[in-house]
Protein chains: 2
Amino acid sequence: MARRGRIATTRGTIETPAFMPVGTQATVKTLDPDEVWRTGAQVILANTYHLMLRPGVDLIREAGGLHAFMAWNGPILTDSGGFQVFSLAANAKVREEGVTFASHLDGARWTMTPESVVGLQLGFGSDIMMQLDHVLGLPAERRAIEDATERSARWLERAVTAYEARGGPASRSVLFGIQQGGMDPDLRVRSARQVAEANVAGCAVGGLSVGEPKPVMAEMLELSTPLLPRHKPRYLMGVGSPEDLWHSVARGIDMFDCVLPTRAARNGALYTPDGRISITNARFRSQHTPVDETCDCEACTRFTAAYFHHLFRAREVLGLRLASIHNLRFLARQMETIRTAIESGTFASALSAFDQRYLPIVGRGRAQLPVIEAETRA
Amino acid sequence: MARRGRIATTRGTIETPAFMPVGTQATVKTLDPDEVWRTGAQVILANTYHLMLRPGVDLIREAGGLHAFMAWNGPILTDSGGFQVFSLAANAKVREEGVTFASHLDGARWTMTPESVVGLQLGFGSDIMMQLDHVLGLPAERRAIEDATERSARWLERAVTAYEARGGPASRSVLFGIQQGGMDPDLRVRSARQVAEANVAGCAVGGLSVGEPKPVMAEMLELSTPLLPRHKPRYLMGVGSPEDLWHSVARGIDMFDCVLPTRAARNGALYTPDGRISITNARFRSQHTPVDETCDCEACTRFTAAYFHHLFRAREVLGLRLASIHNLRFLARQMETIRTAIESGTFASALSAFDQRYLPIVGRGRAQLPVIEAETRA
């Protein structure tokens with residue numbers, strides 16, 4: 001199922017499979033946009049819910065759009081805010097019209113509708129917009145999941161209508177639909193068909209990587225991905241661990257985003273070809289060689305593991321930056337490896353080589369790691 | 001008294017007057033060393049007390065010295081730790097031999113002597129070393145100030161002897177003495193003469209900018225600076241506000257360091273030609289032009305005041321970085337202006353122009369600024 005693709009946007013081409021770093025609040029945390037670009041990132045994510053609340057769409061429009069505001073010249077995908085409304089905001093109340101909720105910042109009451117969310121993303125100047133979806137926390141009753149999934153499908157139709165009314169492709173933005181369905185095979189399949197039939201540019205898979213066992217996520221992907229149109233990009237939302245990227249590409253996914261690589265970095269958890277390590281571990285104290293000898297990132301080519309270790313022990317901000325650069329570059333290189341392997345027809349053996357070498361947590365690092373929250377959409 | 005100089009080190013020439021950014025723990029807070037260099041910094045400071053405790057001199061020596069460890073290729077001046085022992089550590093006990101104290105990190109007991117401090121700085125590979133001095137908190141009785149000042153003079157002689165025993169200039173490091181004397185005119189003069197007579201490469205002025213009124217600092221400089229040898233650099237420790245830089249250059253100072261510009265930056269206080277502003281002030285919310293239209297820094301040339309404001313409101317680390325880059329570049333440009341004015345014989349009028357335009361705090365920013373601690377040596 002692994003496939004090699006290319007997404008053309010007015011701000012440049014995205015070679016897929018691709019990982020998209022997350023810049024929730026119009027900044028990829030701790031990093032300068034030029035640094036993000038130099039990690040090999042082709043497209044970044046920003047978040048409609050967060051940016052609507054602060055600094056607000058009017059301010060971003062005045063600034064000339066999100067790209068100008070944050071000085072990122074590549075493509076930007078904006079998530080709709082559906083996930084945040086149901087996870088971060090308070091007192092979300094869903095009606096057919098839309099959802100009302102209280103801002104997590106100041107408690108102010110806001111409303112989002114499928115139409116308003118398209119308007120917001122057009123206001124940001126987003127290259128790829130996501131529909132508003134109805135996201136449920138799990139576990140939930142099948143009936144509730146079905147209700148939310150069907151509502152998401154109706155909201156997708158309204159989003160498409162709103163998008164077309166605002167110019168459709170002439171807006172220079174495209175719209176993606178989001179598949180839901182919880183961990184219920186029937187609902188996943190039904191939702192996948194609904195998104196597949198919609199007049200959208202791409203198909204996202206939502207509601208996975210929310211704490212379910214990995215075989216369940218794999219099953220959901222295997223059931224639903226084959227139902228999606230071959231010529232449209234498939235975007236698995238909120239997935240970003242190296243092992244999940246490889247195994248989801250193997251199930252036909254083209255695009256990924258996740259806060260995990262940068263959040264883990266800020267907790268001192270760094271990716272290496274052998275697995276994820278904790279830089280605060282005493283064994284790095286006097287390692288006067290890079291964290292990853294094979295890494296060409298701006299951190300590993302200039303600083304040793306001992307210096308990383310010192311910065312984290314001394315709680316210096318530069319450590320957060322160097323670790324973030326390293327993890328994003330690591331994932332970008334994984335995706336480069338994946339793309340090359342697909343091109344040369346050796347993806348299966350490359351996946352096997354990755355699995356044999358990479359350990360999600362290396363050695364005794366686990367106990368020392370700060371807790372990293374289960375995290376999907378930023 | 002303003003003078004234009006040049007300090008040759010084995011790692012490059014320092015054009016003076018110069019401001020030195022502070023990298024206490026082997027990192028200029030939030031910044032990459034290449035970014036620091038691109039602000040126009042010619043030399044940075046690091047701190048013996050902090051680095052001795054963490055990561056330790058042995059580790060830095062193993063790493064190939066401080067320059068290699070932190071990837072800074074320009075000159076490094078290391079402060080001796082005298083100030084920190086008496087301000088940050090606990091239970092400092094002074095004997096003629098040296099000072100014992102408890103680490104602020106873990107309470108472990110340490111000793112510093114004039115000789116050990118030279119050894120530590122040689123271990124770091126410092127280009128410019130500072131003597132261990134006996135620093136007193138003010139107010140203090142004249143007798144206590146006299147005692148500490150005389151002890152500092154005796155410690156300077158021992159530092160010189162230790163330095164010469166370790167190779168002197170062949171070590172590729174040079175040693176500076178530190179003038180003390182509190183705010184007592186007689187003791188300042190006596191201490192200045194002692195440092196002037198010592199076999200050191202440069203003369204530092206310590207114990208000022210510790211909360212005294214500006215006219216008192218000016219008086220102390222006017223009394224003591226003329227007694228220092230003309231051909232040696234004069235370094236005023238812990239001074240870094242734009243107005244203090246200008247007025248201290250006017251009194252014959254060549255070198256400065258201070259954590260203030262970077263600490264103020266992290267609190268959202270930014271220098272502009274009109275004075276210091278607070279970026280969190282509501283008037284910057286929708287200012288879609290740079291914080292300082294005349295600034296050529298990597299922050300102002302790419303980002304607007306509105307974006308800075310957003311980053312600080314959203315508590316994003318990138319804001320701390322951009323503000324730090326801006327303030328360091330602002331000071332570097334002030335020093336460039338000062339050097340050019342001295343060269344062209346127009347320093348007096350340039351100083352007057354600065355004074356007429358620059359306000360230490362602009363408008364209503366003061367009330368909104370987080371408290372910035374009175375800070376001298378980092």
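A word of caution before the tour: this is a predicted model. Let's begin where the two chains meet. Here 33 residues of chain B are in contact with 33 residues of chain A.

How much area is buried between chain B and chain A? About 3100 Å². Carbon and sulfur atoms give 52% of that. As background, the size of an interface is often given as the accessible area lost when the parts come together.

Now the charges. How many salt bridges are there between chain B and chain A? The count is 8. Have a look at one of the pairs. The side chain of Glu316(A) meets the side chain of Lys29(B) in a salt bridge, 2.6 Å from N to O. In general, side chains of opposite charge can pair when their charged atoms come close.

Polar contacts next. Across the interface of chain B and chain A there are 24 residue pairs in polar contact, with both residues at pLDDT 80 or more. Which elements of chain B give two or more residues to the side that touches chain A? They are helix H1 (33-38), helix H3 (57-62), helix H4 (66-70), helix H12 (305-313) and helix H13 (317-343) of chain B. H12(B) gives the most, with 5 residues. By type, the residues on this side of chain B divide into 16 nonpolar, 6 polar and 11 charged.

Next, the sheets. Stay with chain B for a moment. Its 8 strands form an open sheet, in the order E3-E13-E12-E11-E10-E9-E5-E4, with parallel pairing. Strand E3 (18-20) and strand E4 (44-47) of chain B are the edge strands, and each pairs on one side only. Neighbouring strands of this sheet are turned by 25 degrees against each other on average, direction ignored.

Zoom in on one pair. Strand E11 (residues 202-205) and strand E12 (residues 234-236) of chain B pair in the parallel sense over 3 bridges. Ala204(B) has Tyr235(B) in E12(B) as its bridge partner.

Chain B also has a hairpin to show you. Strand E7 (residues 99-102) and strand E8 (residues 109-112) of chain B run antiparallel, joined by 4 bridges. Thr100(B) has Thr111(B) in E8(B) as its bridge partner. How many residues lie between E7(B) and E8(B) in the hairpin? There are 6. In the turn, Gly107(B) has a positive phi of about 80 degrees.

Over to chain A. There is an open sheet of 8 strands here, in the order E3-E13-E12-E11-E10-E9-E5-E4, and the pairing is parallel. Why is one side of strand E3 (18-20) and of strand E4 (44-47) of chain A left without a neighbour in the sheet? Because these strands stand at the edges, each with a single partner strand. The twist averages 25 degrees from one strand to the next.

Inside that sheet, strand E10 (residues 174-179) and strand E11 (residues 202-205) of chain A pair in the parallel sense over 4 bridges. Gly177(A) stands opposite Cys203(A) in E11(A).

Strand E1 (residues 5-9) and strand E2 (residues 12-16) of chain A run antiparallel, and 5 bridges join them. Thr9(A) has Gly12(A) in E2(A) as its bridge partner. In this hairpin, 2 residues lie between E1(A) and E2(A).

Now the helices of chain A. Helix H7 (residues 142-165) lies across strand E9 (128-130) and E10 of chain A, running at about 180 degrees to E10(A). Helix H13 (residues 317-343) lies across E3 and strand E13 (255-257) of chain A, running at about 160 degrees to E3(A).

H13(A) also packs with helix H14 (residues 347-357) of chain A, at an angle of about 145 degrees and with their axes 8 Å apart. From H13(A), the contact uses Gln334(A), Ile338(A), Ala341(A) and Ile342(A). From H14(A), it uses Phe347(A), Ala350(A) and Phe354(A). The residues of this contact divide into 6 nonpolar, 1 polar and no charged.

One last stop. Over all chains, the structure holds 54 salt bridges. Glu146(A) forms one with Arg190(A), the closest N and O atoms being 3.0 Å apart. This pair links distant parts of the chain, with Glu146(A) in helix H7 and Arg190(A) in helix H8 (residues 185-197) of chain A, 44 residues apart.

That's the tour. Over to you for questions.

How values were computed. Residues are numbered from 1 along each chain as its sequence is written. Chains are lettered from A and ligands numbered from 1 in the order in which they are written. This is a predicted model: local features need pLDDT of at least 70, side-chain atom pairs count only at pLDDT 80 or more; totals for chains, interfaces and linings use all residues. Side-chain values use heavy atoms; hydrogens and water are left out. Contact means heavy atoms within 4.5 Å. Buried area is the accessible area (1.4 Å probe) that two parts lose on being put together, summed over both. A salt bridge is a side-chain nitrogen of Lys or Arg within 4 Å of a carboxyl oxygen of Asp or Glu. A polar contact is a pair of N or O atoms within 3.5 Å; within protein, one must be able to donate a hydrogen and the other to accept it, and residues adjacent in sequence count only if both atoms are side-chain atoms. Ala, Val, Leu, Ile, Met, Phe, Trp, Tyr, Cys and Pro count as nonpolar, Asp, Glu, Lys and Arg as charged, and the others, Gly among them, as polar. Two strands pair if DSSP finds at least two bridges between them. Axes are lines fitted to C-alpha atoms, for helices over the stretch in contact, and angles run from 0 to 180 degrees between N-to-C directions.
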